[in-house]
Amino acid sequence: MAFAIELLIAALLVIGAFFLLVGSIGLAKLPDMMRRLHGPTKATTLGIGAILIASMINAWTVRGFLSLHELLITIFLFLAAPITAYMIAKAHILHDRPTEEALPPTGTGAPWMTLSAPEGESIRDPNRESDRDGDGTTSQRA
Amino acid sequence: MSRILPHPVLTLVITGIWLLLVNAFSLGALLLGLVIGVLVPLFTGPYWPGRPHIRHPLKILAYMGIVVWDIVVSNVQVAYLVLFRRGESLRSRFVTVPLELRTPEAISVLAGTITMTPGTVSADLSACGRSLLVHCLETDDPEGTVAQIKQRYERRLKEIFE
């Protein structure tokens with residue numbers, strides 16, 4: 001029985017490590033900013049999830065108490081990761097002209113929130129040349 | 001009731017998180033958690049003008065189950081795409097998801113769900129709050145992806161929140 005539990009914990013650790021590695025490979029390998037964003041957001045879900053489950057099983061069976069800190073880590077990750085990805089995506093849309101021009105219409109008449117400036121203001125810094133020239137090398141600038 | 005406990009759900013959440021932080025159940029920890037859970041909503045009440053109405057709490061569990069299952073399935077699909085496909089050959093694109101949800105809480109949960117299920121990342125909201133910009137890692141069928149998001153997640157969130 002103890003062997004089966006250790007096997008389960010080891011398997012979960014390997015699965016978690018595998019998906020974390022895939023997430024990191026995706027971050028390094030994918031060609032542009034928006035595609036790269038897919039790597040880290042998925043690594044946090046299944047990769048860290050499997051490692052946290054392994055940790056809970058280990059605390060419960062080997063060390064003999066119910067540890068729930070892992071649930072907290074999951075909650076905080078699920079709160080923090082989408083918001084981080086959202087902010088990075090918004091910053092990227094704002095600073096990368098080719099991406100901005102490739103956006104589909106909202107379909108409601110209103111602009112996308114990132115690109116809508118308050119009354120009388122511009123979303124762009126007129127002093128920054130890089131805001132105007134779309135050089136197409138998004139991955140380099142991102 | 002509403003003056004002492006302006007936000008009963010938040011009270012329960014704070015107490016629960018306090019117990020999780022302590023990581024051991026005891027009467028003292030529960031009481032301290034309850035004190036914090038009562039005091040924090042009292043002091044932060046002005047920052048929470050709206051109260052989300054959760055119509056079907058039990059459906060949250062079903063929703064979480066579906067999301068966890070989707071995370072597992074689509075993680076495997078995306079791992080395959082990352083490992084065995086060249087990055088340039090992925091047909092990535094933005095899609096617009098028109099929203100039927102109106103409450104901010106429901107839209108936040110939907111956007112978070114889209115990001116956490118691999119293959120899609122929510123990138124922006126329209127200024128009027130009625131459509132969501134989603135980036136897909138690999139899709140040949142944008143309408144199908146949008147329909148799936150609406151059918152699988154938005155419909156259920158609408159039942160829970162609205």
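Modeller: Here is that contact, followed by some context.

This is a predicted model, in which local features need pLDDT of at least 70, side-chain atom pairs count only at pLDDT 80 or more, and totals for chains, interfaces and linings use all residues. Residues are numbered from 1 along each chain as its sequence is written, chains are lettered from A in the order in which they are written, and side-chain values use heavy atoms, without hydrogens or water.

The pair is helix H4 (residues 69-95) of chain A and helix H1 (residues 8-22) of chain B. Helices are DSSP runs of H or I, at least four residues, numbered from the N terminus. The two pack at about 125°, with axes 8 Å apart. Axes are lines fitted to C-alpha atoms over the stretch in contact, and angles run from 0 to 180 degrees between N-to-C directions. H4(A) passes H1(B) in a left-handed crossing: the near helix is turned anticlockwise from the far one by less than a right angle.

From H4(A) come A:His69, A:Leu72 and A:Ile75. They meet B:Ile17, B:Leu20 and B:Leu21 in H1(B). Contact means heavy atoms within 4.5 Å. The residues of this contact divide into five nonpolar, one polar and no charged.

As for context, chain A has six helices and zero strands. Of its 142 residues, 37% count as buried (under 20% relative accessible area, 1.4 Å probe, protein chains only).

Technical notes: Nonpolar A, V, L, I, M, F, W, Y, C, P; charged D, E, K, R; others polar. Buried < 20%, exposed > 50% of the residue type's maximum accessible area, 1.4 Å probe, protein only.
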